[in-house]
Amino acid sequence: VAIGAKKGMAFDVEIETEKIHFQVIDTITLYLNPKSQQEYYDYILSLNPRRVIFNPGTENPEFYTILNENNIQFEVACTLVLLATNQY
């Protein structure tokens with residue numbers, strides 16, 4: 001699933017603009033700058049993902065602390081590189 005500020009398509013995945021509560025989310029991968037992430041903190045926590053990936057430019061020590069406090073793993077990495085190298 002994809003959540004974003006504007007509706008659209010990412011390949012064959014529709015980008016939703018509403019913060020829909022999805023069930024069983026394993027990984028959230030962020031492409032938002034730290035300031036824009038703030039409005040998603042509670043939403044992301046409510047999804048209770050196993051981990052959050054911070055792509056280049058999205059590094060956010062404040063959010064790392066929040067995730068740690070909620071026992072959610074995080075990784076600073078490029079999702080596309082992780083996928084391409086079978087490290088996802």
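**Entry 1: one glutamine**

In which helix is Q37 found? I located Q37 in helix 1, which covers residues 34–37. A reminder to myself: this is a predicted model.

Then I followed the side chain of Q37 to its polar partners. I found that it reaches the backbone oxygen of T58 at 2.9 Å. I also noted a polar contact with the side chain of N60, at 2.8 Å.

Which residues does Q37 touch, leaving aside those up to four places away in sequence? I listed L30, L32, F54, T58, N60 and F63.

**Entry 2: the largest pocket**

I moved on to the largest pocket and wrote down a volume of about 830 Å³. Its lining has 25 residues, and the closest to the pocket centre are V1, A2, I3, T29 and Y31.

Which element gives the most to this lining? Strand 4 does, with 4 residues. I saw that strand 4 spans 27–30, and that strand 1 (2–3), strand 3 (13–16), helix 2 (41–47) and helix 4 (79–84) also supply at least two lining residues each.

Last, I sorted the lining by class: 20 nonpolar, 4 polar and 1 charged residues.

Note on methods
Residues numbered from 1 in each chain as written. Predicted model: local features only at pLDDT ≥ 70, side-chain atom pairs only at ≥ 80, totals over all residues. Heavy atoms only, no water. Polar contact = N/O pair within 3.5 Å; in protein donor to acceptor, adjacent residues only side chain to side chain. Contact = heavy atoms within 4.5 Å. 1 Å grid on protein atoms, 1.4 Å probe; cavity = no way out; pocket = protein on both sides within 12 Å on 5 of 7 lines; lining within 4 Å. Points joined across faces, edges and corners; volume = space filled by probe spheres on them. Nonpolar A, V, L, I, M, F, W, Y, C, P; charged D, E, K, R; others polar.
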